[in-house]
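Please look at the sequence and the model before reading on.

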Amino acid sequence: MRPVVTYVLIAVVAGFIGASFTQAPEVVAKISNHLGSQPEEEPKEFWTTPAIEGYGKAHYEADAAYKPAVGDSNKIVFQVTRAENSPKDPNLGLERVARVVNLYVASGVPVDQLKFVVSVTADGTPAMLNNVQYKRIYGIDNPNLKLIGELREKGVDVSVCDQSVAFHHFQHDWIDKSVTHALSSPTTVATLENKGYAFLAM
């Protein structure tokens with residue numbers, strides 16, 4: 001009896017695979033058509049940057065769930081550990097922090113109620129260099145400094161892990177003066193979480 005059951009199972013599986021292969025060209029065509037199609041033109045105000053001008057563009061929907069609100073603690077510690085894009089562009093982690101600031105402000109939370117701290121470490125550390133050192137290493141002005149300045153203007157404290165500074169063999173004074181030196185990123189995150197800050201990895 002068992003061989004019969006085995007043959008039946010093999011036939012069913014083979015039929016399923018055969019049907020999948022038969023439909024494969026149709027699926028591939030649908031995907032190709034979708035990827036190759038021109039995106040619809042977005043309305044002028046589809047993306048906005050209400051708080052951090054020019055950075056962290058956000059699309060706001062008034063009826064979306066789980067929006068931040070006035071009266072919440074609004075305390076967040078963000079950890080930036082990566083350098084995902086070109087040294088010519090602002091660090092994407094910092095851009096994401098700017099997006100969160102924009103979304104909070106778009107939701108009606110005043111900037112002075114935001115208690116945001118950014119902890120930069122690991123591969124994100126070079127973004128914290130002053131312009132002289134960044135230019136020496138990468139041959140260009142540091143594109144992160146304007147964004148850091150914009151964040152600080154909105155009360156966001158941008159800090160760097162001094163352990164990562166040491167591991168990168170950077171001198172203490174190579175870090176831009178707009179950046180707060182923290183003992184380490186793990187101790188920054190742990191200390192702030194103990195004080196009720198939410199943690200977001202960026």
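A residue is called buried when its relative accessible area is under 20%. The model described here is predicted.

## Chain as a whole

The protein chain has 202 residues, and 35% of them are buried. Its accessible surface comes to about 12400 Å², with 59% of that belonging to carbon and sulfur atoms.

## Helices and strands

The protein chain contains 6 helices and 5 strands. Along the sequence they follow the pattern α-β-α-β-α-α-β-α-β-α-β.

## The sheet

The 5 strands form an open sheet with parallel pairing, in the order β4-β3-β2-β1-β5. The edges are taken by β4 (180-182) and β5 (198-201); each has a single partner strand, so one side of each has no neighbour in the sheet. From one strand to the next, the twist averages 30°.

Strands β1 (residues 75-80) and β2 (residues 115-120) run parallel and are joined by 6 bridges. Within this pairing, Phe 78 stands opposite Val 118 in β2.

## Helix α6 on the sheet

Helix α6 covers residues 185-194 and packs on the sheet. The strands touched by helix α6 are β1, β2, β3 (157-161), β4 and β5. The direction of helix α6 makes about 165° with that of β1.

Conventions
Residues numbered from 1 in each chain as written. Predicted model: local features only at pLDDT ≥ 70, side-chain atom pairs only at ≥ 80, totals over all residues. Heavy atoms only, no water. Helix = DSSP H or I, 4+ residues; strand = E, 2+ residues; numbered from the N terminus. Buried < 20%, exposed > 50% of the residue type's maximum accessible area, 1.4 Å probe, protein only. Areas by Shrake-Rupley, 256 points an atom, 1.4 Å probe, with all protein chains shown as cover. Pairing = 2+ DSSP bridges. Axes fitted to C-alpha atoms, helices over the stretch in contact; angles between N-to-C directions. Contact = heavy atoms within 4.5 Å.
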